[in-house]
Amino acid sequence: MEHAHATAQALSLSLSVSYLRYIPLFPLLGVLFNIFLGHRLGRKAVNIVSPGMVFLSFLVSLHAFWNLPEGGRLVDTMWLWISSGTLHVDFALQVDQLSAMMILVVTGVGFLIHVYSTGYMAHDHDVARYFAYLNLFTASMLLLVLGENLLLLFVGWEGVGLCSYLLIGFWYTDDEKASAGKKAFIVNRVGDAGFLLGLFLLFWTLGESNVWTLSFSTIQQHIAAVPAEVATVICLLLFVGAAGKSAQIPLYVWLPDAMAGPTPVSALIHAATMVTAGIYMIARLNFLYALSPTALSVVATVGAATAFFAATIGLVQTDIKKVLAYSTVSQLGYMFLALGVGAYTAGVFHLMTHAFFKALLFLGAGSVIHGMSDEQDITKMGGLKSKMPVTFWTFFIACLAIAGVPGLSGFFSKDLILEEAYASPLGSPMLWLVGTIGAGMTAFYMFRLLFVTFFGENRASHEVQHHIHESPASMTVPLAILAVLSIVGGYFPLLHFLSPLFGEHHEPHVAPLIKYLPTVVGLGGIALAYVMYVLNPAIADNMARGLSAFHKLLFNKYYIDEIYDAVIVRPIVGMSNWLWKVWDAIVIDGTVNGAAHTMEANGSLLRLWQNGNVQNYALSFLIGAMAILGYYLW
Amino acid sequence: MAPISYHLILSGILFTIGVMGVLLRRNTIIIFMAIELMLNAVNLSFVALARHLGSMDGQLIVLFVMAVAAAEAAVGLAIILMVFRNKETINADELKLMRW
Amino acid sequence: MDLLTFFMLAVPLVLFAAVVILHPSPVYSAMSLVVVMSFLALYFFFLDAHMLGWFQIIVYAGSIMVLFLFVIMLLNLQNDPQEHQQPSLRTASRIGGAVLIAELVFLFSRSSSSEKAAAELPEGFGTVVALSEKLFTDFLIPFEITSILLLIAAVGAVVLAKR
Amino acid sequence: MVSAVIFLPLLAAVLLLFMAKEEEELARRFALGVALVTFVISLGLLVNFDSSKADFQFVERVPWIADFGIHYYVGVDGISLFLVLLTTFLVPIVLLASWDVHSRVKEYLFFFLMLETGMLGALVALDLFLFYVFWEVMLIPMYFLIGVWGGARRIYAAIKFLLYTMVGSLLMLVAILYLAYLHNAQYGAVTFDLLQLYNLKIPEQTQLWLFAAFALSFAIKVPLFPFHTWLPDAHVEAPTGGSVILAGVLLKMGTYGFLRFALPLFPDAAHAAVPTIMALSVIGIIYGALVAMVQPDLKKLVAYSSVSHLGFVMLGMFAFNMQGIAGSVYQMLNHGISTGALFLLVGVVYERRHTRLISDYGGLWKQMPVYASVFLVTMLSSIGLPGLNGFVGEFLIMLGAFKANVWAGAFAVSGVVLGAVYMLWMYQRVIFGELKHEENKKLTDLSPREIAIFTPLLALMLLMGLYPQPFLTRMEKSIEATLARVERKTAVVQVEPVEPPPVQVVAER
Amino acid sequence: MIKLPPVNWLSLLPAIIPAFTGILVLCWDLGMKNEERHRLAWLGILGLAITAVVSFCLLGRNEPAFNGSYTLDSYAMFFNLIFCLAGILTFLMSIQYLHTSDIHAGEYYALILFAIVGMVVMAAATDLVNIFLGLETMSIAVYVLAGIWRQRLQSNEAALKYFLLGAFASGFLLYGIALLYGATGSIQLGKIAMHVNEHGASTILLIGVAMLIVGFGFKVAAAPFHVWTPDVYEGAPTTITAFMAVGVKAAAFAAFARVFLHTLGGIHGQWEGILWVLAVLTMTVGNITALVQNNVKRMLAYSSIAHAGYLLVAMVAGKELGGAALMYYLVAYGLMNLGAFGVIIAVGRRGEPNEEFADFAGLGFRYPLLALAMTVFMLSLTGIPPLVGFVGKFYIFSAAVKAGYLWLAVIGVLNSVISAYYYIRVIVSMYMHEGDKVPEKLSARPALAVAILIAAVGTIWLGVFPSASMALSRLSFLALG
């Protein structure tokens, strides 16, 4: 499929409206309500107001979605934010096809997760604070997606980073959780640094040809002003930001630790919305990336590598949320692979479907943990099929979807990506191959998770087993809805819907082998998992003992965290200690105090001359007189 | 007629002897005498210059210097007496109450 | 004042001046100072400063030196041994003195180049008449100030020295 | 009007002296009242400030020392207007915060009001001699505040602060004198009037010397990297109110001095000094952040963070473009508010626990939730989270710096990351975590008075983050004028930005 | 018959009044009981006040008198004002001081008045002999005053040292005068100036100038010749120390400036190098040695040496602005030092003088007014605006910069930073240390309070509104011609 890109596509209709501002405003009202009135009005009010606000903004998003002009966009400019010299940035929101889809996903899935949270956090006393953060997160995500210019996108970008920090460290009393939040924020910040540099470079290169703007539409019109090699640098810098936010290879370390937060948080932030910000940003700036094929190939390779790498770690993890975390990293890798090969529509399509089934998986895991009284280690679970039927079936559907079983949403989006990876001029068979193997592994570890938790007999302690119960309605209903979405998601006419932005979508015609092999590999993975974990579990254990070295390496996540700590964190702390103790205290202060002491020393020396003897004074007199006379001698 | 520089050199020598006297001797009175000697050396140069320039001013200044020297002597010896009465010694190097 | 008389007076002057500062006994120093002053008086005579010569003898040699002798007797000082606690002070002052003499001699001898002949003298130069006539016309202010000076000296001496 | 703002506090200070020693309460209320009145008057300045004019407004000029052509010459322009407002805004807050100073209240208030006069005077003085007088007058009350009401090593810190600043300022005095006589040589009349000195034609070589003298004095005050060692000592030992004012306003004197005096007076030397000062400020940013990371003492940490923040301000200023300088002036205001708030927060906890060591705290969120959330917002504003005031300033600075020198921009951005690191690490060790220490369990949350202190600060952080336009438009013209002087070319008219394409429906604003 | 020359009584008036008052005091003292001695002080103050008024009225006139050997010009009158100020404040301080020390009031006041006569003569003399005689009158009076507290050994020793070195130095001075006379043929400054302008400097003249520098250097306490100052200032009674620090130094500078700036102005090049070195040496030695002192009075002695250094900078700066700066700085220096010494007296208790830093401990908050005054003086001595010390230093350094001595100004400025340290140490001990020494209530000693008040108000007023006094000093220096 040639990546027909609407280069010269004249920007069509921009309809100025004034109701877009309510989309982020409602959740903000929710935040204010929770902060100031939450504690007083008690849990019941909070449980109604917070999801309600998100639902209201969902309705407004729907309204915006309905009367989105064909191929055009809605613009709502609120006020002039920063204007200094040539820089001119408005606080303006815009909805076009891509944003419409994103806000629907964010508000839709967000609302479901809010409802789910009311159940999940039932016995947590600090609910007001939790929902305040969740609403704040939704507001910032909406701001990110609706932002009319790059700077506003950045505001949302850092806003979501903040909320993820707060939510991960929600149970702040436990130091380990708090530092997980800190790690997430700092790694994001590293990404944001790259993003900022890219933004500056873009602004000033456009400035060369007297185009002073940051808003997407204007950039798109004057994209010709950006020379190719500068565009590459900009795209790579922006990609660093995306990698930081969407947890790609170098900067993915924070996502697995982010599981320390409550599960609905992981579902919303670390599955459905925040992590997709990177993909949204690249999709939004597709006209910029189109300029530099090298940047795109870098994106593709990093995407593929992450997909494969994360999948391998996922194979051996025992913590239910860690498995899902690595699966998210891997699926994000696929999306970047799609963008990298120029198939923006495929990437965004997978983003949407992934949002549905990954949110479902996390919520399912949440209800399992909820049922198993906060036990997260799958080796201690088992046989929940009978005890938690709804959770099981919804979880089963999600696994099918993610494995890419034909008919479900996952199949449509993932296979499309793999076909594009093979067919597109930017793609290569190698990428396709890595993708396919990854798909196989995904299927394997998902079903391994399914069989270990839901099949066989329960390995938990007696009194834990006693407590196992199906989650309440407020949790199971969202699961059901999401399950339906995971199935139906694949059939949304998204490709056609996004055509105004990414050009008309053409089916990649590719040899049947290439087309169907991934599905076969996926089914193979499922079968293998079934054999290893259901028929006779012994195989898994002696397999693990067999290649124990390899198993250990995977289990400890290739020791990446330890390497980062040794290579980056410890030297920096060591250096700052050195700087403070040696440089500041001894060198600078030393010279300053030294100067004072030399003065004092001279003082006491000069003082000795004053020894009280009159004749000594007369002598100094004589010396003075001789000196002056000497002056006149020559 | 002896050239003026001879007189000046002589008064210079006497002046220096006076200065050395102040520095060398411990006894305050001798120091005081040395100062008187210095003043006399200056008187000598004044008179020599007056003679050389032919104007009476020089001699008159000597007159006033003598008056000043007299006054100084009076006050100086009174001080020396006072110090002697309190400290029993007038050796310059023992009078080091205040130093550093 | 020709060269011969100059040297005739200069040599004893310097000698006795040296005795003043070198002799251990204060009385001898005082007496040699008196001799120095009388030679000076003689010196003045040769320099046509007759009145001054007499003043020198009366004021300096007469009153001031007598006062010195009187105080020396009052405090009946013994011989002052030459040694100094700080030999460094002694050597330093010797070197200083030597350098000062060298400088003065060098400077004055160098200035002799711009020698002007001694001006011829108006008649009555150095006599009482000329001296007093100038004293009460040009030097009236110094005369008055000296009076106050002597008053202060008297008052001061009494204040400090009375029992 | 301007003179009223300057001398009202001094008048009040003198009146305070005559008040009886016992009625502390009356003295406090009187001082607070006067500070508030001054703030209201200075708001008057803001209201009828005409942002279209670049030259000085509210000018008052009275001959003072005729022999030397010295005038009492004061005026306000876009740059100094907001610093004046920052001062008059912070002083009432600090006075409100010093309600729990109980030893020698009368003298404490006296020195504070005198300090306010000194600061305001230095900000509005347009006569170099007058500026120097106020510059030195500022030192003495601060010295006393640190020296008398300070902590353990207060005497060392106070003397170090005084001497360090005096060395710089006295060298500046010689430079001022030289300038005055240069003017005399060129135009025949000795004058210290800034505007006339602006159009002096100084040879390149002398400009370097004069710039060095001015720069040294201001660099010590900023503090720029090598001259910063007095700041941590002064901050740690100063009482809460003192360190808020020290960080909030006194440090800005240095940067303001650069912008008002050093740059426009010696343009060629300024251009020659750009690489060195940019390097020093970048080092300052990173060095400040790194050293702040390992500080065991809360106040020292915030002090080193100010070194880092002011490194940003200097970087922006020496970018010599509109965005950079506007960003640096804006960042001066932000730093005043956020670091001021940080010190107040530290003060609140110090008042209760009398220790500044981070290790003595932990798990405060459970005990003092309101305090923790205020601390959260202040911390976020200080590390420059978009939506709060810190971001606007830092963004403009980095944008300007990036244009001036790509590498400076790159390193500055790394400063943003390091900023997040030390702040979050501190926040975690103080607020999150277990309530280990027994004493922390008895801590009471913010009292109404303390809340009254923080509400205006938080409101400003939000307002300045979301709607900085009223500030930026007023600064625009004066910064353009300064830039023109620095570039010494006729004012280069910035090409108007290209209007976005004709949209069918005009986007109403 | 000797006809009397035309006597210009007006020019003599400022000298006659204090002399007459001195004599009156001496006579009145005879028939007076011990406790009313303070009335003598008020008589002295009255006399000085009249002299001040007279000098102020004569300020405008410029008449050479006694054919060139004495003059009535605003330069002299300006200095008279300084001497009267110093005298009056010393008298005010002495009233209380004499109670705690058994000094003979009568002779004490008379001698101060006679010293002032000497000073007036020195300032107004345009003839080397008059300068020398004025100097000797003043010096002898002050030698006696230094030793007047006979019971204290320090006072005796101070008098002896001051006398011996004073006589020694006046020997040099006289030798300088002789050589100048020899080189130029006349002792009148006007004629010398003409001779110097025409013939330039011969060797004898240069040696004479060198000797003059030594002589004046001693009186002014310039660097190599300053060694006597700390011992004498510490030993002498505090009131006399104040009088010496201000009055004697001002008079010495009056003559020094008249001879060097006005008469030897022509050969400025020759002696300016020496003074440059002297100025730097004096400032540095004074400041650095003061750092390590722990006796406030001795510290103030070293600080007065340092200030002599600053004044020498003004001398080096020369004619256009240097002279005026010198005169203004002397006023400023006078006020600050008199005030500081006043406070030291106030801190002292019955009899035993305590001038250690520790004695000032905790004064700040027990006697706020006294401490405030001391703070004003210390800050002014450091040169912190808006006080008179700063304006003085500003005046001097601008003169130096204008005359092109940039490095001298820089060294001067760095010295004032060093000086800041030991001045601030006093403030530190007052405000930041705890202490229990309780000085007598200030209100119990009205005269001392008035003296300190005058000095403090002067320091602040001249600091904030200096333009009038600066113009006055500039005009009166120009009167020198």
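**Close-up views of the predicted model**

**View 1. The contact between chain B and chain C.** In this predicted model, 59 residues of chain B are in contact with 71 residues of chain C. Three helices of chain B, namely α1 (4-24), α2 (28-53) and α3 (57-87), are the elements that each give two or more residues to the side of chain B that touches chain C. Of these, α3(B) gives the most to that side, with 21 residues. Sorted by class, the side of chain B that touches chain C holds 45 nonpolar, nine polar and five charged residues.

**View 2. The contact between chain A and chain E.** Here 21 residues of chain A are in contact with 25 residues of chain E. On the side of chain A that touches chain E, the elements that give two or more residues are α26 (560-608) and α27 (614-633) of chain A, and the largest share of that side, 12 residues, comes from α27(A). By class, the residues on the side of chain A that touches chain E divide into 12 nonpolar, seven polar and two charged.

**View 3. The two domains of chain A.** Chain A is divided into domain 1, which covers residues 292-555, and domain 2, which covers residues 562-633. The centres of domain 1 of chain A and domain 2 of chain A, taken over C-alpha atoms, are separated by 70 Å.

Technical notes. Residues are numbered from 1 along each chain as its sequence is written. Chains are lettered from A and ligands numbered from 1 in the order in which they are written. This is a predicted model: local features need pLDDT of at least 70, side-chain atom pairs count only at pLDDT 80 or more; totals for chains, interfaces and linings use all residues. Two residues are in contact if their C-beta atoms, placed from the backbone, lie within 7 Å. Helices (H or I, at least four residues) and strands (E, at least two) are DSSP runs, numbered from the N terminus. Ala, Val, Leu, Ile, Met, Phe, Trp, Tyr, Cys and Pro count as nonpolar, Asp, Glu, Lys and Arg as charged, and the others, Gly among them, as polar. Domain bounds come from an automatic or database domain assignment.
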